[in-house]
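Here's a quick tour for anyone opening this structure for the first time.

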Amino acid sequence: MNINEHFKELKENYLFATVGAKFAAYQKAHPERKVIKLSIGDVTRPLAPVVIEAMHRAVDDMAHRETFKGYGPDQTCYGYDVLLDSIRNSYARKGVSLGADEIFISDGAKSDCGNILDLFSADNTVLVPDPVYPVYLDTNLMAGRRILFADANASNGFLPLPDDGVRADIIYICSPNNPTGAAYNREQLKLWVDYANRMGAVILYDAAYEYFVTDPALARSIFEVEGARTCAIELCSYSKTAGFTGVRCGYTVVPRELVRGGMRLNRMWARRQSTKFNGVSYITQMGAAAVFTEEGERQIAENLGYYRNNARIISECLDGLGIWYTGGKNSPYIWLKCPGGMESWAFFDYLLENANVVGTPGSGFGRNGEGYFRLTAFGTEENTREACRRIAALLQS
Ligand code: MLT
């Protein structure tokens, strides 16, 4: 029996599992200390009332023979029309017109980031930014693909641009970016779209944080950029938009015009999903459909505003300490330069032990992340204020 030897190329643990284990070990050794976690980007606000009401109604539907639902509709890979329509309307507000058959409901962007690779052969070359959300890298390492890195660093504002000297087949872009919080404007994205079309490459565009964008110069969807329909797939999530990290729902957009090797990727993905996936639960889909209603948008805006305020609190703390950072605006992540030239894991230990605050070491996201550190704005306001107070007291002492 041959196993997948490529697993040997992975780090022993997923980054957030390592961070979580260090936090748990410290907390166990010091149960009297209140350790504040600003590491994994997990939400803390409850679901919006419209979502809860829609889910309750859906639960009631399941209780009656007339309204009970089994598998979702198979013509749309199990997406219910009401949800597909609300997603189409949210795109229309960004000036993007999509067909219902271009939207595939998923259990989240993270799963589809990995699953989508079923469409591509193992001998493709993949271009990922460095630093990078580890899922892009690890899923391709597991499949044995060749991986190239696009350097993101302070000199390019952590927003690498395409280089025609680099030949890539699959390109990952996450904007607003995880982990750096940096976000591309439309002109910069157009450079990537033109490059991908020239190369015959496919862009996998992770838009999980698009709802944090407030600057009108920044794109919320790659399909706002001309030419994207022939080269891009967009991965979206309700997790950060509407607090669905535990509920699980997302959507992937595969345009009809996207053709590679004579095959229509939209049809390939439909075939893949109907074979390997049975859809997202009716109750979850009804909750998600409520998010992009007028009232839903108003309610999620309140939650997004809460996290933006946390980002402001962290940014002001760093400004006061004279620490360099990106993100915090148009993004829930703050990517800071470790003070005193410390390495990322050294700063992690220093903060954990002396301020009882946990963040994510930048080096966990790649070589270029060494010397940087990520804080998330998804905590509670109370914890965010307290963490900043402790960080300021420690670094000023
Ligand atoms: C993160 O902290 O980077 C994210 O929460 C991870 C994810 O969304 O999977």
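In this predicted model, helix α11 meets helix α12 through Phe 347, Tyr 350, Leu 351, Asn 354 and Ala 355. On the α12 side, the residues they touch are Arg 390, Ile 391, Leu 394 and Leu 395. Sorted by class, the α11–α12 contact comes out at seven nonpolar residues, one polar and one charged.

**How the two helices cross**

- Helix α11 covers residues 344-355 and helix α12 covers residues 381-396; their axes come within 10 Å and cross at roughly 105 degrees.
- Angles from 65 to 115 degrees count as roughly perpendicular, so that is what α11 is to α12.

- Look for an open sheet of four strands, in the order β11-β12-β15-β14, with antiparallel pairing.
- At the edges stand β11 (325-327) and β14 (360-361); each has a single partner strand, so one side of each has no neighbour in the sheet.
- Strand β14 pairs with β15 (residues 372-376) in the antiparallel sense, over two bridges.
- Within that pair, Pro 361 sits opposite Phe 373 of β15.
- Helix α10 (residues 294-321) packs on this sheet and touches β11, β12 (333-337) and β15, with its direction at about 15 degrees to that of β12.
- Helix α11 packs on the sheet too, touching β12, β14 and β15, and its direction makes about 50 degrees with that of β15.

- Thr 241 belongs to helix α7, which spans residues 239-242.
- Is Thr 241 buried or exposed? Its relative accessibility is 5%, and buried means under 20%, so Thr 241 counts as buried.
- A polar atom of the Thr 241 side chain lies 3.3 Å from the backbone oxygen of Ser 237.
- Setting aside neighbours within four places in sequence, Thr 241 is in contact with Ala 208, Tyr 211, Phe 292, Ile 300 and Leu 304.

**Strand β2, covered on both faces**

- In a regular strand, side chains alternate between the two faces of the sheet.
- In strand β2 (residues 103-106), Ile 103 and Ile 105 are on one side, while Phe 104 and Ser 106 are on the other.
- All four of those residues are buried, and both faces of β2 are covered.
- Strand β2 runs antiparallel to strand β8 (residues 250-253), and four bridges join them.
- Across from Ser 106 you'll find Gly 250 in β8.

Notes:
Residues numbered from 1 in each chain as written. Predicted model: local features only at pLDDT ≥ 70, side-chain atom pairs only at ≥ 80, totals over all residues. Heavy atoms only, no water. Axes fitted to C-alpha atoms, helices over the stretch in contact; angles between N-to-C directions. Parallel < 35°, antiparallel > 145°, perpendicular 65-115°, else oblique. Contact = heavy atoms within 4.5 Å. Nonpolar A, V, L, I, M, F, W, Y, C, P; charged D, E, K, R; others polar. Pairing = 2+ DSSP bridges. Buried < 20%, exposed > 50% of the residue type's maximum accessible area, 1.4 Å probe, protein only. Polar contact = N/O pair within 3.5 Å; in protein donor to acceptor, adjacent residues only side chain to side chain.
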